[in-house]
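Hi there,

Here is the structure I promised to pass on to you. Have a look at it first, and then read on for my notes.

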Amino acid sequence: MESKPVVLRTAEQFKALGHPLRHRMVIMLRQRPATLAQLAAALGSTKGTVGYHVGVLQEAGLLRLAGTRRVRGGTEQYYEPVGDGLVVGADAEPGAGARVMISTALAELLPGEPAATRLRHLRITPERAAELARRLGEWAEEGTLPDDPTGLAYTLLLSLHRADIPALPPEPDR
């Protein structure tokens, strides 16, 4: 079964992703499903704190239960992201996705690491903006950026930096 990206539309989803610990958890869980204990160990947090944040992400429709495993008379629950990536919906509150992405990117910056960030305002047509958005996946700083004085104003933010996302330990034999 092919997984699709989660389309972000609701304030609840943006609020859930707006917390740095929750965003880091979603990114970490793209590596593989993990338990509360595994997430807590990788994040340097407590199971209670991680459990609370997992609940918020589940309520927002961003995480789901991937499976369970019996351990010493108890049951471990493994969590995973609902979809393969995140996409800001066209019907989302204007600017909501950008605010979350920018604040998340800033929260992920490692102290002392060089960051390459450029901010450029462009006046282009909506059609040209759609083309530019498509091409951003193909190029980051190559070529020339279009600028149409009769177009609408858009902001382009490109950022390359090391992210502070810990790796989960290898999966123990089940």
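**Helix packing and a few other points**

The axes of H3 and H4 approach to within 9 Å and cross at roughly 110°. That makes the two helices, H3 and H4, roughly perpendicular, and their crossing is right-handed. On the H3 side the contact is made by Leu36, Ala37, Leu39, Ala40 and Leu43, which meet Lys47, Val50, Gly51 and Val54 in H4. Sorted by class, the contact of H3 with H4 holds seven nonpolar residues, one polar and one charged.

Before going further, please keep in mind that this is a predicted model. The mean pLDDT of the protein chain is 78, with 69% of its residues at 70 or more. Confidence is highest in helix H4 (residues 47–59), at a mean of 97, and lowest in strand S6 (residues 152–160), at 49.

For orientation, the protein chain has six helices and six strands. Read from the N terminus, the order of the elements is β-α-α-α-α-β-β-β-α-β-α-β. The chain has 174 residues, of which 31% count as buried. Among its contacts with a separation of 6 or more, 67% join residues 24 or more positions apart.

Now back to the helices, this time with H2 in the picture. Helix H2 (residues 20–28) and helix H3 (residues 36–43) have axes that come within 11 Å and cross at roughly 115°. As angles from 65 to 115 degrees count as roughly perpendicular, H2 and H3 are therefore roughly perpendicular to each other. The crossing of H2 and H3 is right-handed. Here Leu21, Arg24, Met25 and Met28 from H2 meet Leu39, Ala42 and Leu43 from H3. The residues of this contact between H2 and H3 are six nonpolar, no polar and one charged.

H2 also packs against H4: their axes come within 10 Å and cross at roughly 75°, so H2 and H4 are roughly perpendicular to each other. Leu21, Arg22, Met25 and Val26 in H2 meet Thr49, Val50, Tyr52, His53, Val54, Val56 and Leu57 in H4. By class, the contact of H2 with H4 has eight nonpolar, two polar and one charged residues.

Which residues does Leu43 touch, leaving aside those up to four places away in sequence? They are Leu21, Arg24, Met25, Met28, Val50 and Pro166. Leu43 itself sits in helix H3. With a relative accessibility of 13%, Leu43 counts as buried, because the cut-off is under 20%.

Most residues other than glycine have a negative phi. Arg72, however, has a positive phi, near 40°. Arg72 is found in the loop between strand S2 (63–71) and strand S3 (74–81). Is Arg72 buried or exposed? Arg72 is exposed, as its relative accessible area is 81% and exposed means over 50%.

Happy to talk any of this through.

Best wishes

Methods. Residues are numbered from 1 along each chain as its sequence is written. This is a predicted model: local features need pLDDT of at least 70, side-chain atom pairs count only at pLDDT 80 or more; totals for chains, interfaces and linings use all residues. Side-chain values use heavy atoms; hydrogens and water are left out. Axes are lines fitted to C-alpha atoms, for helices over the stretch in contact, and angles run from 0 to 180 degrees between N-to-C directions. Helices (H or I, at least four residues) and strands (E, at least two) are DSSP runs, numbered from the N terminus. Angles under 35 degrees count as roughly parallel, over 145 as roughly antiparallel, 65 to 115 as roughly perpendicular and the rest as oblique. A crossing is left-handed if the near helix is turned anticlockwise from the far one by less than a right angle, and right-handed if clockwise. Contact means heavy atoms within 4.5 Å. Ala, Val, Leu, Ile, Met, Phe, Trp, Tyr, Cys and Pro count as nonpolar, Asp, Glu, Lys and Arg as charged, and the others, Gly among them, as polar. Buried means under 20% relative accessible area, exposed over 50%, partly exposed in between (1.4 Å probe, protein chains only). pLDDT is the predictor's confidence in each residue, from 0 to 100.
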